[in-house]
Amino acid sequence: LAAGIADGVAPDRTYVLGPGSTVGAIKSALGFEGSPIGVDVWRDGEVLVEDASESEILDALGEDSVIVVSPIGGQGFVFGRGNPQLSPAVIRQCDVEIVASRSKLDGLSVLRVDTDDPELDDQLRGWRKVRVGRFERRMMKIL
């Protein structure tokens, strides 16, 4: 999974890398340690901001940006629990790539969002591809 993301990075694309061990493995594959419980911003082989706040993320975003995030623990929250810096303002300016280990998804029947923005939550809901391996993806429903 981590190698697949690292191999597929696009030049000039800004990567907003969420918290957790799954995304931490991606950070390692990109060549840096990063913040295990924070959000890091990376572009073109360089860490732009480590353990970034919402305003730092917004300042670092480029024209082409993606949030790489993994569901939190057994609850399955993609946004809204444990990553408040990934605010509605940040999410609206980025593509979203959800990543998770197969075993984490095996323990979840659905994924969840709670951004404190009902309109954005509605936009994020529905069936989404979740990257579970170098090339493999699994469809999961977001409620």
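Biologist: How do E8 and E9 run, parallel or antiparallel?
Modeller: E8 and E9 run antiparallel, joined by 6 bridges. Keep in mind that this is a predicted model.
Biologist: How many residues are in the hairpin between E8 and E9?
Modeller: The hairpin from E8 to E9 goes through 5 residues. Arg-131 has Arg-137 in E9 as its bridge partner.
Biologist: And which way does E8 pair with E6, parallel or antiparallel?
Modeller: Strand E6, residues 95-99, pairs with strand E8, residues 126-131, in the parallel sense, over 2 bridges. Val-99 is opposite Arg-131 of E8 there.
Biologist: New topic. How many residues does the largest nonpolar core have?
Modeller: That core has 28 residues. Ile-57, Ile-67, Phe-79, Leu-86 and Leu-111 have the most contacts inside it. Elements giving two or more residues to this core include helix H3 (54-60), strand E4 (65-69) and strand E9 (137-142).
Biologist: What does Ile-57 touch, leaving aside neighbours within four places in sequence?
Modeller: Ile-57 is in contact with Val-16, Val-39, Val-41, Ala-52, Gln-85, Leu-86 and Val-90.
Biologist: Where is Glu-33?
Modeller: Glu-33 is in the loop between helix H2 (21-29) and strand E2 (40-43).
Biologist: Why is Glu-33 called exposed?
Modeller: Because its relative accessible area is 71%, and exposed means over 50%.
Biologist: How far apart are Glu-33 and Val-47?
Modeller: Glu-33 and Val-47 are 10.0 Å apart in space, C-alpha to C-alpha, and 14 residues apart in sequence.

Definitions and conventions: Residues are numbered from 1 along each chain as its sequence is written. This is a predicted model: local features need pLDDT of at least 70, side-chain atom pairs count only at pLDDT 80 or more; totals for chains, interfaces and linings use all residues. Side-chain values use heavy atoms; hydrogens and water are left out. A nonpolar core is a set of buried Ala, Val, Leu, Ile, Met, Phe, Trp, Tyr and Cys residues joined through side-chain atoms within 4.5 Å. Buried means under 20% relative accessible area, exposed over 50%, partly exposed in between (1.4 Å probe, protein chains only). Helices (H or I, at least four residues) and strands (E, at least two) are DSSP runs, numbered from the N terminus. Contact means heavy atoms within 4.5 Å. Two strands pair if DSSP finds at least two bridges between them.
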